[in-house]
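Biologist: I am new to this structure. Could you walk me through how to read its features?
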Amino acid sequence: MSTLLLNMLPVFAACFAGWLLGKQQQLDIRTLGMIVIYAIAPVVNFDAVLKAPLTGAMLALPIAAFLVGGANSLLSYRLAQHCLSEKDHVLFVASAASSANTLYYGLGLALAVLTAELIPAFCVTAIGLSVSESVFGYYFLARTNFSWRMALQRVLRLPVLSAVALALLLKLCLPVESLVATIAPLAGYCRGALILLGSMILGVALGQSQQFRFHPRLTGVVLITRHCLFALLVFTLLTLDTSSTQFIPASYQTIFLLFALMPIANNSLTFATTLGLPTEAISSTIILSNGFAIILAGLLVSGGFNGTVTFADMK
């Protein structure tokens, strides 16, 4: 658990620095968001796919993660329609449910509870959630101001999807070891910049808000869909896989259970800034989601949840 907290301290420091800047300076967070989405995130995802060992059982992990993230987003949209009255809140719930904070929070949690042998599998699985976020997460937020056709067109123009497709094509056609080594320094810088700018955008958005407002109904629906509904879908997936296809080895099942403990991703806010959407409710909900996830993870880890727990142990 200390590994997770150590990972989170610099993130909260960057968020606090962004809050101070948001209070004192007139920063354009839309420009910061555009840099993240259109320049930094594509490099990070391109490098992740190039390095991923997408063979054998590993290949099923990102596909399963993408399906769970997409299904959670669609089901959350339906649920939010019955629980919330404001259209932008409904669409934010659907967007937030598509993925999880797999980078600084998720990796910190993985290092805290998983064995070293499972970390590569965790990183491969996270690719599927990243693609789910770019497809479903961006689509639902874009629907705030655009028709379904225009929102889908904007999704297809996202450079992250092009970067993932190009990396997959290169892996299929060419040996990529030398390319991975060549872009490793740039990818490392971009990962750091993604964490730093994502956290600072959150802080700036909070700083520019007139006051921190708690939206109890919105927060409740977000937490239910991010944790409970996601966990239900994971259990359904693992039950079906265990009884029929058996694509996912038992040793990898813990990874999917781990994703249900993670807070919503900061990219929901970053997407909103690039689309020119209000950020007050999104930024405050992300902060509360992170706090809840830390408490939830702490309780489960102290209760014995670790990398040796499989789906069969939890049934």
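**Reading the packing**

Modeller: This is a predicted model. Start with Ser289: beyond its neighbours within four places in sequence, Ser289 is in contact with Leu223, Pro263 and Ile264.

Biologist: Where does Ser289 sit, and is Ser289 buried or exposed?

Modeller: Ser289 belongs to helix α13, residues 280-302. Its relative accessible area is 0%, so Ser289 is buried.

Biologist: How do I read a pair of aromatic rings?

Modeller: Use the distance of the centres and the angle of the planes. Here the count comes to 6 aromatic pairs. One of them joins Phe66 and Phe136, with 5.7 Å centre to centre and 45° between the planes; this pair is tilted. Phe66 is in helix α3 and Phe136 in helix α6, 70 residues apart. Phe66 is partly exposed at 26% relative accessible area, while Phe136 counts as buried at 18%.

Biologist: Why is the pair of Tyr138 and Phe271 called edge-to-face?

Modeller: The planes of Tyr138 and Phe271 stand at 90°, so the pair is edge-to-face; the centres are 5.1 Å apart. Tyr138 lies in helix α6 and Phe271 in helix α12, so the pair ties together parts 133 residues apart in sequence. Tyr138 is buried, at 1%, and Phe271 counts as buried, at 3%.

Biologist: Which residues line the largest cavity?

Modeller: Among them are Met8, Phe12, Tyr104, Ser199 and Asn290. Helix α1 gives the most, with 4 residues. By class, the lining has 7 nonpolar, 2 polar and no charged residues. The largest cavity holds about 50 Å³ of space.

Note on methods. Residues numbered from 1 in each chain as written. Predicted model: local features only at pLDDT ≥ 70, side-chain atom pairs only at ≥ 80, totals over all residues. Heavy atoms only, no water. Helix = DSSP H or I, 4+ residues; strand = E, 2+ residues; numbered from the N terminus. Buried < 20%, exposed > 50% of the residue type's maximum accessible area, 1.4 Å probe, protein only. Contact = heavy atoms within 4.5 Å. 1 Å grid on protein atoms, 1.4 Å probe; cavity = no way out; pocket = protein on both sides within 12 Å on 5 of 7 lines; lining within 4 Å. Points joined across faces, edges and corners; volume = space filled by probe spheres on them. Nonpolar A, V, L, I, M, F, W, Y, C, P; charged D, E, K, R; others polar. Phe/Tyr/Trp six-rings, centres within 6.5 Å; stacked < 30°, edge-to-face > 60°.
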